[in-house]
Amino acid sequence: MTGNKMVMTDLLKPEEIKKALDAFAAETFDPKKFFEMVGMKAMSAENVKKVFQVLDVDGSGFIEEEELMFVLKGFSKDGRDLTDAETKAFLTAADKDGDGKIGIDEFEALVHE
């Protein structure tokens, strides 16, 4: 399965990823603003879900809090880790059912909110 795993640059433009990462290098991470900057807001639900699958490192169908901290590395190896506060804020924004992790539909809903 590993052979055909998509990488983020199959879905998004590297220069837009870099621009978005640079924008949040020193300021508080805002997931909605970030997703818009990398062009995800304009994507179909299906493609947003493909992005989710790239970010869901362990393939559990969820992005857990531990994975969320490294979410920017999913976009680029140069991405920084999120702070605890940013991670919790991201989780709170997306985790509508309160199970402590982000499901694929919750992720898509956050992007297109």
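Helices (H or I, at least four residues) and strands (E, at least two) are DSSP runs, numbered from the N terminus. By this definition, the protein has eight helices and two strands. The model is predicted, so local features need pLDDT of at least 70 and side-chain atom pairs count only at pLDDT 80 or more, while totals for chains, interfaces and linings use all residues. Residues are numbered from 1 along each chain as its sequence is written, and side-chain values use heavy atoms, with hydrogens and water left out.

**Overall form**

- The order of elements from the N terminus is α-α-α-α-β-α-α-α-β-α.
- The C-alpha trace spans about 35 × 35 × 25 Å along its principal axes.
- The radius of gyration of the protein is 13 Å, which agrees with the value near 13 Å for a compact globule of 113 residues; this radius is taken over C-alpha atoms, and the globule rule is 2.2 Å times the number of residues to the power 0.38.

**Packing of α4 and α8**

- Helix α4 (residues 45–55) and helix α8 (residues 104–111) have axes that come within 9 Å and cross at roughly 120 degrees. Axes are lines fitted to C-alpha atoms, for helices over the stretch in contact, and angles run from 0 to 180 degrees between N-to-C directions.
- This angle makes α4 oblique to α8, given that angles under 35 degrees count as roughly parallel, over 145 as roughly antiparallel, 65 to 115 as roughly perpendicular and the rest as oblique.
- Residues in the contact (heavy atoms within 4.5 Å) include Val48 and Phe52 of α4 and Ile104 and Phe107 of α8.

**Annotated regions**

- An unreviewed UniProt entry places the feature "domain: EF-hand" at residues 43–78 and 82–113; UniProt positions are given in the numbering used here, feature names are shortened, and annotations may be inferred rather than shown by experiment.
- Residues 43–78 are 56% helix and 8% strand, with end C-alpha atoms 23 Å apart.
- Residues 82–113 are 59% helix and 9% strand, with end C-alpha atoms 22 Å apart.
- The annotation "binding site", from the unreviewed UniProt entry, covers residues including Asp58 and Phe62.
- Asp58 lies in the loop between α4 and β1 (62–64), and Phe62 is in strand β1.
- Beyond its neighbours within four places in sequence, Asp58 contacts Glu64 and Glu67.
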